[in-house]
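Subject: Structure for your review

Dear colleague,

Please find below the structure that I am handing over to you.

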Amino acid sequence: MSRPTSPHRITRESARAALWFWPSVWAGVAVVVTLLLLVVRPGPSGWRWPGGQESAGVLLQVVASSVMAATTVTFSLTVVALQLSSQQFSPRLLREFARDRVTQAVLGILLATFVSALTCVLGIGGTRLPVFALALVFVLGIASAGALIAFVGHIVRSLRIDSLMRAVHGETAAMISATYPPRTDGRPGAGSDGLPDDRRDPSRSLPDRVPELDLRARRTGFVRRIDTEALTRAARRDDVVVQLRVMPGDHVTLGAPIARMWFRSRPADPWDVVERALEIGYERTMEQDIAYGFRQLTDIGVKAVSPAINDPVTAVHAIGYCADLLVRLEGVVIRDRRVQDGTGVLRLVVPDRDRRYWLDLVCGPLRRYGSDEPIVLGALLRMLRDCAASTQDPLDGEELLRQADLVLEQASTTLAAVDLEELADRHRRVGAAVRGDLDAAYDDRAGETRSV
């Protein structure tokens, strides 16, 4: 019986999210290159180092000590950024700082310069100096100074909440485009229509009726990634059909059902077919989890309307980014996926979200925590109006009206009559957009239904 794969295995996403990984790689490369250059020592008629052995030693000492001080400043700024991000925005944004390529590149340059200077100390003895190794340390020292200046400017920009939200929005939007095909036939883009039979009983793809087996989780955590290609190959190899019951972002506990399998001949280890393609860990990632991008944006909005922060405008901006993502989802096909092998036999059914899930994910927490703030509730209704103006599915329109009713119902009774009247007007505009009357949905006196 095979053992579950380790949740701590290094993947492309985990390597990118590890602040130490790429700086360590850069440092290792610097050591190797410096050792190779130490062997190259030009003769009397070749390149010479100005100043002799004493000046070379001073250079290495100055570079090593200065770079270590710069590294300390860089780490201090990074820690401050992480603390501010966690307290004021969302603790789920910490991973984005660790994944930041500029931060990793700056730390890589500084660490590479430091280890290169220390390594070069080993070769400055003798009558002929390692000119090329010293030149490398000199160039890296100049690069470190430039990297430190660039990092200070970058961290200032990164601490702006709009920059954080734009980064999360950009990655989530790119993931939507890469995950779902565009909707070009005018048909509904959400739900599991088109495959009810296979969703109820994917074993119909096999000629004979076959036994059914429920597979349960052998560890606890979040589903991070599903390798559909590997799972399809394994299913074809064992001649089985697999229906997943989880998707990226779902939390599973030990013993929870995660898949259903149909087979003619029971595999020796049925779980082995699934476990190698299902990555489960204790932390969510953005690799395939679109919902995690929505969660980060809504966390920012919820934190912004908290009494400790009291910044409803930031919450409105977060809702605006969510609105764009929801409109993008209106233009793609979101259905349970059926994956066939090379012979055309169905091997895998992968579930997906529906429209209510995405709308609840955004509207639910923000309407509850922002019930006393008409600006936030009005922004939610404006978001629903924009989604209604883009939808082509009557069922989506019904769900948008349901969400608008919940927002209006959540409004606090302590709000002024004028605020409640304005929210009721926004609610009517959502209904007009659902009916296709965009003039009634968007025409206003002075643009007040679009401004913040």
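**Cysteines and the interior**

Cysteine 387 is buried, with a relative accessible area of 1%. Please bear in mind throughout that this is a predicted model. Cysteine 322 is buried as well, and its relative accessible area is 0%.

A disulfide is, in general, a covalent bond between the sulfur atoms of two cysteines. How many disulfides does a search of the whole structure find? The search finds zero. For cysteine 322, the nearest cysteine sulfur belongs to cysteine 363 and is 9.0 Å away. For cysteine 387, the nearest cysteine sulfur is also that of cysteine 363, here at 8.0 Å. A pair of cysteine sulfur atoms counts as a disulfide only within 2.5 Å, so cysteine 322, at 9.0 Å from its nearest cysteine sulfur, is in no disulfide. Cysteine 387, at 8.0 Å, is likewise in no disulfide.

**The chain as a whole**

The protein chain has 452 residues, and 49% of them are buried. Its secondary structure consists of 17 helices and eight strands. The accessible surface is about 21,700 Å², with 57% of that area belonging to carbon and sulfur atoms. Of the contacts between residues at least 6 apart in sequence, 79% join residues at least 24 apart.

**The nonpolar cores**

In soluble globular proteins, nonpolar side chains tend to be buried together. In this model, the largest nonpolar core has 57 residues. Those with the most contacts inside this core are Phe294, Leu326, Leu329, Trp358, Met383 and Leu384. Several helices supply at least two residues each, including α7 (161–179), α11 (290–304), α13 (355–369) and α16 (417–435). Which helix gives the most to this core? That helix is α12, with ten residues.

Leaving aside residues up to four places away in sequence, phenylalanine 294 touches Thr172, Cys322, Leu325, Leu326, Leu329, Trp358, Leu361 and Val362. A second, separate core has 27 residues, among them Ala217, Ile226, Leu231 and Val242.

Helix α6 covers residues 131–158, which is 28 residues. From its first C-alpha to its last, α6 reaches 39 Å, close to the 40 Å expected at 1.5 Å a residue. The buried residues of α6 include Val131, Leu134, Leu140, Phe151 and Ile155.

Helix α7 has 19 residues and reaches 27 Å between its first and last C-alpha, close to the expected 27 Å. Among the buried residues of α7 are Leu164, Met165, Val168, His169 and Thr172. Thr172 is also one of the residues that phenylalanine 294 touches.

**The strands**

In a regular strand the side chains alternate between the two faces of the sheet. Strand β1 (residues 212–216) has a covered face with Leu213 and Leu215, and an uncovered face with Glu212, Asp214 and Arg216. Five bridges join β1 to strand β5 (residues 257–263), and the two run antiparallel. Within that pairing, aspartate 214 has arginine 260 of β5 as its bridge partner.

A further three strands form an open sheet in the order β4-β2-β6, with antiparallel pairing. The strands β4 (251–252) and β6 stand at the edges with a single partner strand each, so one side of each has no neighbour in the sheet. Strand β2 (residues 221–226) is joined to β6 by four bridges. Isoleucine 226 stands opposite leucine 278 in β6, and Ile226 also belongs to the second core.

**Two residues to look at**

Glutamate 279 and glycine 221 are 58 residues apart in sequence, yet 9.4 Å apart in space from C-alpha to C-alpha.

Proline 248 lies in the loop between β3 (240–244) and β4. With a relative accessible area of 14%, proline 248 is buried. Not counting residues up to four places away in sequence, proline 248 touches Val223, Arg224, Ile226, Gln288, Asp289 and Arg353. Proline 248 and methionine 286 are 38 residues apart in sequence, and their C-alpha atoms are 9.2 Å apart.

Yours sincerely,

A colleague

Note on methods:
Residues are numbered from 1 along each chain as its sequence is written. This is a predicted model: local features need pLDDT of at least 70, side-chain atom pairs count only at pLDDT 80 or more; totals for chains, interfaces and linings use all residues. Side-chain values use heavy atoms; hydrogens and water are left out. A nonpolar core is a set of buried Ala, Val, Leu, Ile, Met, Phe, Trp, Tyr and Cys residues joined through side-chain atoms within 4.5 Å. Buried means under 20% relative accessible area, exposed over 50%, partly exposed in between (1.4 Å probe, protein chains only). Contact means heavy atoms within 4.5 Å. Two strands pair if DSSP finds at least two bridges between them. Accessible areas come from the Shrake-Rupley method with a 1.4 Å probe; for residues, only the protein chains shown count as cover. The expected span of a helix is 1.5 Å times one less than its number of residues.
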